[in-house]
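Let's take a walk through this protein model together, one contact at a time. Keep the 3D view open and look up each residue as it comes along.

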Amino acid sequence: MQENNVTPVKTEQDPSENVSMKSLLEAGSHFGHQTHRWNPRMSTYIYSQRNGIHIIDLQQTLSLLIKACAFVESVIAKGQKVLFVGTKTQAQDSIKEEAVKCSMPYINHRWLGGTMTNFETIQARINYLLDLEDRQSKGEFARYQKKEALKLEEKITKLNRSLGGIKTLKTLPGAIFVVDVGKDNIAILEAKKLGVPTVALVDTDCDPTPIDYPIPGNDDAIRSIRLVSTKIAEACNRGSLLLAAKEADEQAAAQATSNAQVSANQEADSSKSQTSTSTETNEISSNDSNVGENTTVETSNSDAPSDESDQTVSQT
């Protein structure tokens, strides 16, 4: 039986190889908000203040970013999804681009209340959107009047603006990544209510306590948002590779088990056929021996009367 060798997939286990203090500094991740706008619960992550602006401790940012990336990677490796959320203007493009790169769902326009807590209703609207797009692709809108067709097209555009990024989300995500905790606080509350882990970029004016994996940093600078979003997306890609390798190993193991079962069945059939053949051979040989014995007995019986007649003739 041949063994199925699966080539191991190499993945980057340490995100710190691609992110450094220098890259965080260049992205402006260390700049917080004005000192009078700070949240006291962020004091742990504040290094100092300069010109009335808080400076974030990038040592903690780096270590917490690595920790968050490792968690995201583990979530994807389990076969779950990570929902990217960033509805503020500075984050919309970065969130969409990075989510598309790693094939993850995203919301970058507006968080609809009940997106997770009332997921069945949201899923019904997604199915309606998919049905409209399917009808449009088949050319069924041509049967309607021009005004009715335009209304349906506007409805598709409106639904795509709110639900287009989560059309592939069939179940609740395994985790959510949020850029601005203050603006998208409803997403945080729904995730906490359902027990969905949260990863978030938190600035000095945010409350980090509801966040499971906080990443202290500037949530207003586009470069800072893109840097953190890119690292989360890369972690998703690494998790996808791990998941693919795991599925390949399971498939190879199942194939090996199947081959072993087939081989065992073939050996059993072969032994059965050999047993039946030997049995038939024994039966044939025993029949032949019985035939020989019967022939000998008949011959002896036929010779006996001739001897008696010879004895009678000699006496006469």
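## A ring pair at a loop

Start with tyrosine 144, which is partly exposed, with a relative accessible area of 34%. Keep in mind as you look around that this is a predicted model. The ring of tyrosine 144 pairs with that of phenylalanine 141: the two sit edge-to-face, with 6.3 Å from centre to centre and 70° between the planes. Phenylalanine 141 is buried, at a relative accessible area of 6%.

If you wonder how to read those values, a pair of aromatic rings is described by how far apart the centres are and by the angle of the planes. The count for this model comes to three aromatic pairs.

## Strand 4 and its neighbours

Now find phenylalanine 84, which belongs to another aromatic pair. Its partner is phenylalanine 177, and the two are edge-to-face, 5.6 Å centre to centre with 75° between the planes. Phenylalanine 84 is in strand 4 and phenylalanine 177 in strand 6, so this pair ties together parts that are 93 residues apart in sequence.

Phenylalanine 84 stands opposite phenylalanine 177 in strand 6, and strands 4 and 6 pair in the parallel sense over four bridges. Strand 4 also pairs with strand 5 (residues 106-107), again in the parallel sense, over two bridges. There, phenylalanine 84 stands opposite tyrosine 106. Follow the chain from strand 4 through helix 3 to strand 5 and you have traced a right-handed β-α-β unit.

Have a look at the side chains of strand 4 as well. Val82 and Phe84 point one way, Leu83 and Val85 point the other way, and all of them are buried.

Which strand order would you find in the open sheet? Three strands make it up, in the order 1-3-2, and their pairing is antiparallel. Strand 1 (31-34) and strand 2 (46-50) are the edge strands, each pairing on one side only. From one strand to the next, the twist averages 30°.

Zoom in on strand 1 and strand 3 (residues 53-56): they run antiparallel and are joined by two bridges. Glutamine 34 has isoleucine 53 in strand 3 as its bridge partner.

## Charged partners

Side chains of opposite charge can pair when their charged atoms come close. In this model, the count comes to 15 salt bridges. One of them links lysine 88 and aspartate 219, at 3.9 Å from N to O. Lysine 88 is in the loop between strand 4 (82-85) and helix 3 (89-101), while aspartate 219 is in the loop between strand 8 (213-216) and helix 7 (222-315), so the pair ties together parts that are 131 residues apart in sequence. Lysine 88 is buried, with a relative accessible area of 7%, and aspartate 219 is buried as well, at 2%.

Another salt bridge joins arginine 226 and glutamate 97, at 2.8 Å from N to O. Arginine 226 lies in helix 7 and glutamate 97 in helix 3, so here the linked parts are 129 residues apart in sequence. Both ends are partly exposed: arginine 226 has a relative accessible area of 28%, and glutamate 97 has 38%. Then there's lysine 167 with glutamate 133, whose closest N and O atoms are 3.2 Å apart. Lysine 167 sits in the loop between helix 5 (146-163) and strand 6 (175-178), and glutamate 133 is in helix 4 (residues 119-137), so this pair ties together parts that are 34 residues apart in sequence. Salt bridges that share partners also join Lys88, Asp180, Asp219 and Asp220 into one network.

## Two loop residues with positive phi

Most residues other than glycine have a negative phi. Asparagine 51 has a positive one, near 55°. Look for asparagine 51 in the loop between strand 2 and strand 3, where it is exposed, with a relative accessible area of 75%.

Serine 103 also has a positive phi, near 60°. Its place is the loop between helix 3 and strand 5, and serine 103 is exposed, with a relative accessible area of 52%.

Key: Residues numbered from 1 in each chain as written. Predicted model: local features only at pLDDT ≥ 70, side-chain atom pairs only at ≥ 80, totals over all residues. Heavy atoms only, no water. Salt bridge = Lys/Arg side-chain N within 4 Å of Asp/Glu carboxyl O. Buried < 20%, exposed > 50% of the residue type's maximum accessible area, 1.4 Å probe, protein only. Pairing = 2+ DSSP bridges. Axes fitted to C-alpha atoms, helices over the stretch in contact; angles between N-to-C directions. Right-handed = clockwise from strand over helix to strand, strands pointing away. Phe/Tyr/Trp six-rings, centres within 6.5 Å; stacked < 30°, edge-to-face > 60°.
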